[in-house]
Amino acid sequence: MDNRILIRASVVVLATLGMHTHAETVVPTQGQTPEQIQKDVGECQAQAKTTYDQTLASANQTAAASTTSAAPARGGRMKGAAVGAAAGAASAEVQGNRNDNYDKVDSDVQQEYRQNQAKDAAVAGAVIGGAKQRKSRRAQDNAEKEQAQQQSSASAQSADAASKQAYSACMTTRGYSLTP
């Protein structure tokens with residue numbers, strides 16, 4: 001009787017030390033030998049690792065397929081330049097109308113003044129539009145990175161759960177009781 005208890009205790013210790021991925025105590029229910037226990041634990045761990053790898057690969061493929069990167073923001077400088085040019089021309093017209101001498105100047109000079117003001121405002125608009133575009137791209141890149149990290153974490157958790165379930169099922173069908 002004492003021999004049996006000693007064998008079971010040593011089997012439990014060996015099985016626990018032999019498991020790297022699962023922190024459960026393996027208790028043989030069908031009188032398995034220590035060698036058989038070690039063999040079964042190794043085979044079930046290999047099966048669990050395969051399940052983990054397959055689940056992780058499947059989750060990563062699904063995540064890659066569902067990840068649709070939005071088209072990068074384009075045309076920010078052009079939009080800014082157009083808005084700036086329109087604003088510059090309108091501003092020049094308003095400023096010209098405020099000046100009493102503006103109406104006395106030749107229309108070609110007035111047109112040149114408005115064009116110069118529009119050019120200056122277009123340059124400023126292009127700079128502002130480019131800055132907004134870069135900011136938008138950075139925000140989009142950061143959001144995509146965060147989403148990828150969350151998907152990776154969820155995939156690893158899912159694969160870990162599947163691995164533990166496969167290990168448990170394998171050991172149970174081979175005649176072992178598992179206790180956490």
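This is a predicted model: local features need pLDDT of at least 70, side-chain atom pairs count only at pLDDT 80 or more; totals for chains, interfaces and linings use all residues.
Me: What makes up the protein in terms of helices and strands?
Reply: The protein contains four helices and two strands. Read from the N terminus, their order is α-β-α-α-α-β.

Me: Why is Arg-74 called exposed?
Reply: A residue is called exposed when its relative accessible area is over 50%. Arg-74 has a relative accessible area of 67%, and therefore the word exposed applies to Arg-74. This residue is placed in the loop between α2 (34-66) and α3 (76-98).

Me: Which residues gather with Arg-74 in the patch of positive charge?
Reply: Arg-77, Arg-134, Arg-137 and Arg-138 gather with Arg-74 on the surface. The patch is called positive because Lys and Arg count as positive, and each of the residues named is an Arg. Helix α4 (residues 107-173) gives the most to this patch, namely three residues.

Me: How do you know that Glu-43 and Arg-174 meet in a salt bridge?
Reply: The definition asks for a side-chain nitrogen of Lys or Arg within 4 Å of a carboxyl oxygen of Asp or Glu. For Glu-43 and Arg-174 the N to O distance is 2.4 Å, so the pair qualifies as a salt bridge. This pair links distant parts of the chain, since Glu-43 lies in helix α2 and Arg-174 in the loop between α4 and β2 (176-179), 131 residues apart.

Me: Why are Glu-43 and Arg-174 called partly exposed?
Reply: Partly exposed covers the values between buried, under 20%, and exposed, over 50%. The relative accessible area of Glu-43 is 33%, and that of Arg-174 is 28%. Both values fall between the two cut-offs, and therefore both residues are partly exposed.

Me: What separates Glu-43 from Lys-39 in helix α2?
Reply: The two residues are four residues apart in helix α2, which means that about one helical turn separates them. Lys-39 has a relative accessibility of 47%, so Lys-39 counts as partly exposed.

Me: What makes Asp-160 and Lys-164 a salt bridge?
Reply: The closest N and O atoms of Asp-160 and Lys-164 are 3.5 Å apart, and this meets the requirement of within 4 Å, so the pair is a salt bridge. Both residues lie in helix α4, four residues apart, about one turn of the helix. Asp-160, at 32% relative accessibility, counts as partly exposed, as does Lys-164, at 41%. Elsewhere, salt bridges that share partners join Lys-39, Asp-40, Glu-43 and Arg-174 into one network.

Me: How many salt bridges are found in the whole structure?
Reply: The search of the whole structure finds five salt bridges.

Me: What makes a set of residues a nonpolar core, and which residues form the largest one?
Reply: The members must be buried, with under 20% relative accessible area, and joined through side-chain atoms within 4.5 Å. The largest nonpolar core has ten residues, among them Val-26, Ile-37, Tyr-167, Met-171 and Leu-178. At least two residues of this core come from each of α2, α4 and β2, and α2 supplies the largest share, four residues. In soluble globular proteins, nonpolar side chains tend to be buried together.

Me: What percentage of the 180 residues is buried?
Reply: Buried residues account for 25% of the 180 residues in the protein.

Definitions and conventions: Residues are numbered from 1 along each chain as its sequence is written. Side-chain values use heavy atoms; hydrogens and water are left out. Patches are made of residues with over 30% relative accessible area and no salt bridge: like charges are joined within 9 Å, nonpolar side chains (Val, Leu, Ile, Met, Phe, Trp, Tyr) within 5 Å. Accessible areas come from the Shrake-Rupley method with a 1.4 Å probe; for residues, only the protein chains shown count as cover. The place of a charge is taken as NZ of Lys, CZ of Arg, CG of Asp or CD of Glu. Buried means under 20% relative accessible area, exposed over 50%, partly exposed in between (1.4 Å probe, protein chains only).
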